[in-house]
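Work through the exercises below with the sequence and the model at hand. Try each task before reading its solution.

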Amino acid sequence: EDKKSLNFIEQIVESDLKAGKNGGRLNTRFPPEPNGYLHIGHAKAICMDFGIAEKFGGTCNLRFDDTNPVKEDVEYVDSIMEDIHWLGFDWGDRLYYASDYFPKLWDLAIRLIKEGKAYVDEQSSEEIARQKGTPTQPGIESPYRNRSVEENLDLFERMNKGEFEEGRFVLRAKIDMASPNMHFRDPIMYRIIKHPHHRTGTKWNVYPMYDFAHGQSDYFEGVTHSICTLEFEVHRPLYEYFVKELADDSYCPRQIEFNRLNLTYTVMSKRKLLQLVKEGLVAGWDDPRMPTICGLRRRGYTPESIKNFIQKIGYTKYDGIISVSLLEHSIREDLNKTATRVSAVLNPVKLIITNYPENKVEYLETENNPEDPEAGTHQIPFTRVLYIERDDFMENPPKKFFRLAPDQEVRLKSAYIIKCTGIKKDSDGNVEEIYCEYDPDTRSGMPGSMRKVKGTLHWVSAEYSSTAEVRLYDRLFNVENPAEEKDVDFRELLNPDSLKIVDNCRIEPYLAENAKPGNRYQFQRTGYFCVDPDSTDGHLVFNRTVSLKDSWEK
Ligand code: ATP
Ligand code: MG
Ligand code: MG
């Protein structure tokens with residue numbers, strides 16, 4: 001394959017494979033901590049980990065990085081598996097849990113203690129942090145650094161038996177308190193946690209830290225390329241240090257980092273997303289305003305649109321923030337090709353065609369998707385009384401208003417050209433009814449329909465339409481990068497208008513009869529919408545996935 005079409009990680013993998021490293025194997029892993037739902041940032045990692053394995057004929061493990069029982073739960077395990085499958089990836093029989101390695105990690109820790117490479121410290125975490133020093137100043141060695149092997153073994157055993165309270169002791173690697181790399185200054189390997197684990201129950205009272213668990217887990221699984229985000233770059237020497245305790249020349253996992261995905265107008269930290277859910281600031285993890293995979297799914301996003309988006313933004317070594325409009329562009333692009341066009345009026349006003357017979361109904365043919373000739377057509381009933389969008393009429397329009405106004409002509413989509421002849425207002429001066437005459441020779445398909453008019457409006461029949469609820473979503477936050485606003489609680493930056501509910505949208509009968517939860521449509525001229533699972537018989541609920549670009553000014 002052409003070098004230029006490969007990203008920098010693919011180039012590394014390709015050259016490692018060519019060089020026959022690790023016996024010419026490629027094995028990646030996706031290692032989520034089951035402490036929350038996956039978000040669009042995780043999708044970027046998933047597309048890399050699973051995608052690169054697919055591309056180069058390797059395998060990808062799903063490994064739950066479940067080393068902190070306090071925050072983890074099976075609810076998250078299940079949702080993570082569902083979301084990876086939905087994105088279109090599969091780990092087959094390669095499902096692993098870091099907790100399965102607790103015994104092996106324990107054995108390694110014991111070995112390191114015996115070799116004088118680890119010791120039990122009993123200072124407070126504050127004291128340990130103080131002694132770390134700064135990048136320009138060496139740290140201070142713990143007074144417990146030179147405990148005897150026997151004492152260390154005894155204490156570590158008793159830590160795990162549950163004899164001590166949390167925080168009383170930690171196991172630290174004995175490396176170098178003066179190392180220029182802060183992560184080498186006797187990092188903590190184990191801490192006491194007395195909280196049941198969702199898989200191992202109360203078997204363990206000590207749990208390994210990320211740096212001690214991750215590389216070893218990679219090694220135990222035969223992972224060759226351990227791909228992660230840039231914040232782990234500074235951990236890489238420590239990753240290599242611990243892995244060296246196990247690996248040899250024939251096989252050694254290798255860590256490679258790429259830039260994490262940040263998106264405008266949202267937050268991506270699981271801690272913050274959890275807070276939004278717990279405090280009821282959103283309706284749940286799958287609230288369509290959330291950047292979670294399940295939120296995007298409920299919003300109407302397709303797996304393809306997410307994968308195309310990830311493909312477009314690519315993988316680099318530089319952190320930045322990506323505009324959410326790029327994500328929106330990618331779902332528009334997808335739905336434009338696939339979504340059935342239907343007629344729905346979000347803010348209806350009555351329009352009466354005074355020269356159309358009272359009890360007549362005509363079934364007019366309308367295209368399901370002009371982008372896809374195979375998509376076919378459906379019928380929409382046309383009657384004397386219709387609804388159009390309130391915004392599509394102006395009594396005193398500005399110059400380039402190509403919609404309906406007194407004495408002005410417009411085309412009704414798939415129907416006739418009409419001309420406004422008058423209006424009726426209520427006592428507050430609001431337009432209550434719009435009167436029009438239609439030209440019977442201008443039905444779509446007739447020669448008379450060739451007449452040029454500037455605007456085309458969507459509409460529904462008053463009698464044959466029904467009511468639906470529509471949820472209009474806007475950005476969840478008011479500022480581009482909430483994570484960067486340092487002096488303010490991120491919850492104060494929430495957009496109070498991120499959800500607007502329209503409860504009297506009028507929809508054409510074809511839509512009312514066919515809409516099922518998950519179905520996606522284009523509402524002519526207003527946007528892409530999908531059917532929300534809150535829908536019940538007789539009460540359809542639609543989520544606006546994304547608006548269209550303004551289409552009325554053609
Ligand atoms: P948080 O910091 O919010 O808890 P995390 O990075 O700890 O998130 P994990 O469950 O540990 O979440 O992530 C699993 C994998 O997904 C890791 O390899 C991580 O690097 C990657 N990942 C997480 N967030 C992003 C992101 N925004 N962009 C790209 N990859 C990400
Ligand atoms: Mg985390
Ligand atoms: Mg993590």
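This is a predicted model: local features need pLDDT of at least 70, side-chain atom pairs count only at pLDDT 80 or more; totals for chains, interfaces and linings use all residues.

**Exercise 1: a salt bridge across the sequence**

Residues are numbered from 1 along each chain as its sequence is written, and side-chain values use heavy atoms, with hydrogens and water left out.

Task: which side chain does Arg254 meet in a salt bridge?

Step 1. A salt bridge is a side-chain nitrogen of Lys or Arg within 4 Å of a carboxyl oxygen of Asp or Glu.
Step 2. The partner of Arg254 is Asp16, with 3.0 Å from N to O.
Step 3. Arg254 belongs to strand E9 (residues 254-258) and Asp16 to helix H1 (residues 8-18), so the bridge ties together parts 238 residues apart in sequence. Helices (H or I, at least four residues) and strands (E, at least two) are DSSP runs, numbered from the N terminus.
Step 4. Asp16 is buried, at 5% relative accessibility.

**Exercise 2: further salt bridges**

Task: is Arg145 buried or exposed, and what is the class of its salt-bridge partner, Glu141?

Step 1. The closest N and O atoms of Arg145 and Glu141 are 3.5 Å apart.
Step 2. Arg145 is buried at 9% relative accessibility, whereas Glu141 is partly exposed at 45%.
Step 3. Another pair is Glu151 with Arg147, at 2.9 Å from N to O. Here Glu151 is partly exposed at 36%, and Arg147 is buried at 13%.
Step 4. A network of salt bridges links Asp286, Arg298, Glu469, Arg471, Asp532 and Asp534. The whole structure holds 45 salt bridges.

**Exercise 3: two packed helices**

Task: at what angle do helix H4 and helix H7 pack, and how far apart are their axes?

Step 1. Axes are lines fitted to C-alpha atoms, for helices over the stretch in contact, and angles run from 0 to 180 degrees between N-to-C directions.
Step 2. H4 (residues 102-114) and H7 (residues 210-221) pack at about 115°, with axes 11 Å apart.
Step 3. On the H4 side, the contact (heavy atoms within 4.5 Å) is made by Lys104, Leu105, Leu108, Ala109 and Leu112; on the H7 side, by Phe212, Ala213, Gln216 and Phe220.

Notes. Chains are lettered from A and ligands numbered from 1 in the order in which they are written. Buried means under 20% relative accessible area, exposed over 50%, partly exposed in between (1.4 Å probe, protein chains only).
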